[in-house]
Amino acid sequence: MYRVVRGTTTRVKLSCLFPKQLAVYSTLSAMDVKNNENNNNNNRSIHSDGVEEVHHVPMRVITRPIPPVLDEQKVHSLMNTIQETADINTVPPIDVLWIQGREGGDYYYSFGGCHRFAAYQRLKMETIPAKIFKSNISDLRTYLGASTPDLL
């Protein structure tokens, strides 16, 4: 769950709320965003900003439990970009939560990056660039609530 808080100045704080903790990941002013519009560092994620390693994860193992609402023009634009360039940094990797089930099974969940995921899927790519970070069932419950599956 995310919360955007506008401060008394032009600064905006983006916070991520987890049970028993509040972590502030990023503070940007409107001027900071404007000055860095063309900088690739803006393609950052509050979840995996500290994760450098990008993996090519098989699309078939990623669970996306929330149906996307897609802007078709954006998906087609991403498809063109993916086809035209070999540079992995042009289209940022998606974030993938890696959760180990209670009996050792590996589960991979993705909640953001729906346009990127759709573009790779429509191009019939077998893998997608992703930053994987270890998570747990408690974090998954934050996203899915009572719909959280019993992971083995």
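Which residue in β8 does V96 stand opposite? V96 stands opposite I132 in β8.

## Basis of the model

This is a predicted model, in which local features need pLDDT of at least 70 and side-chain atom pairs count only at pLDDT 80 or more, while totals for chains, interfaces and linings use all residues. Residues are numbered from 1 along each chain as its sequence is written, and side-chain values use heavy atoms, with hydrogens and water left out.

## Strand pairing

Helices (H or I, at least four residues) and strands (E, at least two) are DSSP runs, numbered from the N terminus. Two strands pair if DSSP finds at least two bridges between them. β6 and β8 run parallel and are joined by five bridges. Strand β4 (residues 55–58) pairs with strand β8 (residues 127–134) in the antiparallel sense, over four bridges. Here P58 stands opposite T127 in β8.

## Salt bridges

The structure holds two salt bridges (a side-chain nitrogen of Lys or Arg within 4 Å of a carboxyl oxygen of Asp or Glu). One joins the side chains of E72 and R122 at 2.6 Å, N to O. E72 lies in helix α2 and R122 in helix α3 (residues 114–122), so this pair ties together parts 50 residues apart in sequence.

The side chains of D150 and R102 meet in a salt bridge at 2.4 Å, N to O. D150 is in the segment after α4 (137–144) and R102 in the loop between β6 and β7 (106–109), 48 residues apart.

## Accessibility

Buried means under 20% relative accessible area, exposed over 50%, and partly exposed in between (1.4 Å probe, protein chains only). E72 is partly exposed at 37%, as is R122 at 35%. D150 and R102 are both exposed.
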